[in-house]
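Take a look at the structure below. Keep it in view as you read the report.

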Amino acid sequence: MRNVQKVISGLCLMFVGGAVYAADASTAGNAHYATCVACHGDNAQGDRAMGAPRLNHLQAVYIDAQLRKFRSGLRGGEGATDAAKQMAAMAAVLPDEQAIADVSAYIASLDSEASAATIEGDVALGGDYYNQFCGACHGAAGVGNPALNSPRLAGSDDWYLEAQIHAFRAGQRGAHADDRTGRQMRAMAAILPNEQAIRDVVAYLHSVSQQD
Ligand code: HEC
Ligand code: HEC
């Protein structure tokens with residue numbers, strides 16, 4: 001079900017977003033993905049020991065946008081975490097824009113079991129925070145809203161969600177003057193009152209990951 005939704009939103013965005021997700025993405029994208037396997041895993045299921053997150057829950061248009069940010073230094077540049085800098089070096093390896101589009105489409109076509117929960121929190125309270133502060137952009141139950149550039153959060157590794165919220169709050173992500181969508185999210189990450197609230201939201205997002 002999740003994949004069907006991803007494919008449908010991907011198709012709609014093919015024209016709106018201007019990116020061309022080629023029909024042969026599965027072969028071209030698969031070839032480009034060979035350099036990513038060592039960290040993100042053969043199904044893009046992520047590898048915590050490498051600090052490399054799951055990618056296969058994400059919409060192609062978001063993967064594409066993040067790879068462009070890593071390449072241009074809007075993400076993973078000066079002041080970023082070591083993990084983001086490491087990823088910026090990898091994004092630079094992709095040869096051109098078509099390769100970015102193809103590898104993004106390929107990753108979005110993959111699927112795997114949901115990751116195990118590693119963070120405890122109050123799911124009900126997290127759901128309240130989510131509906132109050134996050135759902136308007138990230139959609140009901142974290143499905144994402146490509147029209148607002150807001151990624152899918154349901155299905156993401158809980159440790160990665162927590163790390164990114166920390167990075168936004170610390171100005172390690174979303175601080176670049178030209179990173180419009182990152183700055184938008186940075187302002188939102190600052191709204192959560194404390195560390196427990198972050199864990200609660202993350203626990204809620206992990207719980208909705210189990211439901212599709
Ligand atoms: C050396 C290990 C390594 C390799 C190889 C690697 N990555 Fe990553 N990747 C990471 C790490 C670490 C992060 C987390 C960055 C952060 O914490 O901000 C990441 C993050 C990402 C993200 C951001 C996901 C999100 O939810 O915002 C995307 C997209 C991505 N990688 C795609 C790729 C692609 C495509 C390739 C192959 C061309 C690749 N990566 C190769 C380590 C790697
Ligand atoms: C105003 C719209 C908006 C709101 C409200 C919002 N976000 Fe975001 N969020 C975004 C955008 C846009 C991005 C993508 C940022 C980028 O391009 O780097 C994002 C990215 C993220 C990411 C990174 C995901 C990844 O895979 O890298 C996390 C985690 C996140 N948001 C969590 C939250 C949480 C938790 C809340 C509520 C406290 C929230 N967001 C509220 C717009 C929003």
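Predicted model: local features only at pLDDT ≥ 70, side-chain atom pairs only at ≥ 80, totals over all residues.

## The site of ligand 1

Start with the neighbours. Ligand 1 is surrounded by 24 residues. Cys-36, Cys-39, His-40, Arg-75 and Met-87 are the closest. By class, 18 residues of this shell are nonpolar, five are polar and one is charged.

Which helices supply at least two residues each to the shell around ligand 1? They are H3 (37-40), H4 (60-72), H5 (82-91) and H8 (158-170). H5 gives the largest share, with five residues.

## Polar contacts of ligand 1

His-40 places a polar side-chain atom 2.8 Å from a nitrogen atom of ligand 1. Arg-75 has a side-chain N or O atom 2.8 Å from an oxygen atom of ligand 1. For Tyr-160, a side-chain N or O atom is 3.1 Å from an oxygen atom of the ligand.

## The site of ligand 2

Now move to the second ligand. Around ligand 2 there are 23 residues. Lys-69, Cys-134, Cys-137, His-138 and Met-185 come nearest. This shell has 15 nonpolar, six polar and two charged residues.

At least two residues of the shell come from each of H4, H7 (123-138), H8 and H9. Where does ligand 2 lie relative to domain 1 and domain 2? It lies between them, because domain 1 (2-108) and domain 2 (123-209) both give residues to its shell.

## Polar contacts of ligand 2

Again, look at the side chains. A polar side-chain atom of Lys-69 is 2.7 Å from an oxygen atom of ligand 2. Thr-181 has a side-chain N or O atom 2.9 Å from an oxygen atom of the ligand. For Gln-66, a polar side-chain atom lies 3.0 Å from an oxygen atom of ligand 2.

## Where H8 meets H9

Two packed helices are described by the angle between their axes and the distance between the axes. Apply that to H8 and H9 (residues 180-189). Their axes come within 8 Å and cross at roughly 100 degrees. Angles of 65 to 115 degrees count as roughly perpendicular. H8 and H9 are therefore roughly perpendicular to each other.

Which residues make the contact? H8 brings Ile-165, Phe-168 and Arg-169. H9 brings Gly-182, Met-185, Arg-186 and Ala-189. Four residues of this contact are nonpolar, one is polar and two are charged. Met-185 of H9 is also one of the residues that come nearest to ligand 2.

Terms used
Residues numbered from 1 in each chain as written. Chains lettered and ligands numbered in written order. Heavy atoms only, no water. Near = heavy atom within 4 Å. Polar contact = N/O pair within 3.5 Å; in protein donor to acceptor, adjacent residues only side chain to side chain. Helix = DSSP H or I, 4+ residues; strand = E, 2+ residues; numbered from the N terminus. Nonpolar A, V, L, I, M, F, W, Y, C, P; charged D, E, K, R; others polar. Axes fitted to C-alpha atoms, helices over the stretch in contact; angles between N-to-C directions. Parallel < 35°, antiparallel > 145°, perpendicular 65-115°, else oblique. Contact = heavy atoms within 4.5 Å. Domains from an automatic or database assignment.
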